[in-house]
Amino acid sequence: MFDSAPDPGMPAAATARPQLRALQQSPEFARALMACGQAPLMLDGTLVLQRRLPGGLRLAMVNRADLGNPAPLMAALRGQGLGRTPLILSPEAPAPHLARLGAVPLATPAHAALWDLTGDPDQRRAALHQKWRNRLKHGEAQTLRLTRQNLPHDVRHWLFQADAQQQTMHGYRSWPIGLTLAYARENKGQAKLFQAFEGKDPAAAILILTHGSTATYHIAHTTRRGKQLSAHTLLLWEAASWLASKGICRLDLGLINTEDAPGLARFKLGTGARLHRLGGTWGLWPPLGRLLRPLARLDRRLMAG
């Protein structure tokens, strides 16, 4: 359904053996960070970020990683001279066993919406919630023109401007534009911009980042007119169908916040996406692990699945 446009296609990684890892744990993300002057570490297959705190104290952070068995990562950190460095751990799945190391809960688990793109299009369409399917039919009945292209290297692109306004209006922060552009630049063909137009006027846009056999819904915006035309629904459906045709197995639609953004939560889950419980956020300072272990165990029920 997309207009024909210059498109080098997906990198070979998308059709290789599936690696269903979060964007924050992907080599593609690491390349973008390095292009922006950061120095992430890849230890035992886990991406570790480092920060310098006031006073020179170093902090290590691990986000959306598989910490079912943290022992290899802890050994790798010691091997890098980080055995006494404070850690912020945000596992991909509940990991209450981190309390045995002396890790202290800092934030209870959030949830993400993960859309399975395997199977045939009829199965995915049948899995849509009824209201979502009705909006899709409404969008398909319009005269919208859909396009797909690699993200242009343009900080003034209308999607970036609209997203900046959304962030200010709703009080949240997303990636810096420079990091998004670095991702596109360092990972050729893996930052896909999908747009819907009514005539020459943009109605909706979605930027999706692919990494291995997984993709992440990164930035999106719909105009007032686009909402009337169900442009966002149509565009996301067509984008997901295209990703599936290229061997992408899962689309991460991001965090679900039913309190502050209930409409967006319903939209994401209306695709039939699975509600996935993350592991919360833990703080661990290895030298104090034994002392903090009793305190950590008091709250570990809050961090369990």
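User: Is A205 buried or exposed, and what is its relative accessible area?
Analyst: This is a predicted model whose residues are numbered from 1 along each chain as its sequence is written; local features need pLDDT of at least 70 and side-chain atom pairs count only at pLDDT 80 or more, while totals for chains, interfaces and linings use all residues. Side-chain values use heavy atoms, with hydrogens and water left out. Buried means under 20% relative accessible area, exposed over 50% and partly exposed in between, with a 1.4 Å probe and protein chains only. On that scale A205 is buried, with a relative accessible area of 0%.

User: Which residues does A205 touch, leaving aside those up to four places away in sequence?
Analyst: A205 belongs to strand β9, residues 201-211, where strands (E, at least two residues) and helices (H or I, at least four) are DSSP runs numbered from the N terminus. T147, which is 58 residues from A205 in sequence, has its C-alpha atom 9.4 Å from that of A205. Taking contact as heavy atoms within 4.5 Å, the residues that A205 touches are W158, L159, L193, F194, Q195, I219, A220, H221 and L235.

User: What percentage of contacts between residues at least 6 apart in sequence join residues at least 24 apart?
Analyst: The protein chain has ten helices and 13 strands, and buried residues make up 48% of its 305 residues. Among the contacts in the chain between residues at least 6 apart in sequence, the share that joins residues at least 24 apart is 75%.

User: Why do the buried residues of α4 line one face of the helix?
Analyst: Helix α4 covers residues 130-140, and its buried residues are W132, R133, L136 and G139. An α-helix has 3.6 residues a turn, so residues three or four places apart point the same way. Judged by the directions from the helix axis to the C-beta atoms, the buried residues of α4 line one face because, seen down the axis, they fall within an arc of 120 degrees.

User: Which residue of β13 is the bridge partner of P105?
Analyst: Strand β13 (residues 281-284) is covered on both faces, with T281 and G283 buried on one side and W282 and L284 buried on the other. Strand β4 (residues 87-91) runs antiparallel to β13 and is joined to it by three bridges, and there L89 is partnered with W282. Strand β5 (residues 104-107) likewise runs antiparallel to β13 over three bridges, and the partner of P105 in β13 is W282.

User: What value is phi of D44 near?
Analyst: Most residues other than glycine have a negative phi, and most peptide bonds are trans. D44 sits in the loop between β1 (41-43) and β2 (46-52) and is exposed, at a relative accessible area of 52%. Its phi is positive although the residue is not glycine, with a value near 50 degrees.

User: What value is phi of R64 near?
Analyst: R64 is found in strand β3, which spans residues 58-65. This residue counts as buried, at 9% relative accessibility. R64 is another residue other than glycine with a positive phi, here near 60 degrees.

User: Which residues does I177 touch, not counting those up to four places away in sequence?
Analyst: I177 lies in helix α6 (residues 177-186) and is partly exposed, with a relative accessible area of 29%. D154 is 23 residues from I177 along the chain, and the C-alpha atoms of the two are separated by 9.5 Å. The residues that I177 touches are V155 and F160.

Conventions: Pairing = 2+ DSSP bridges.
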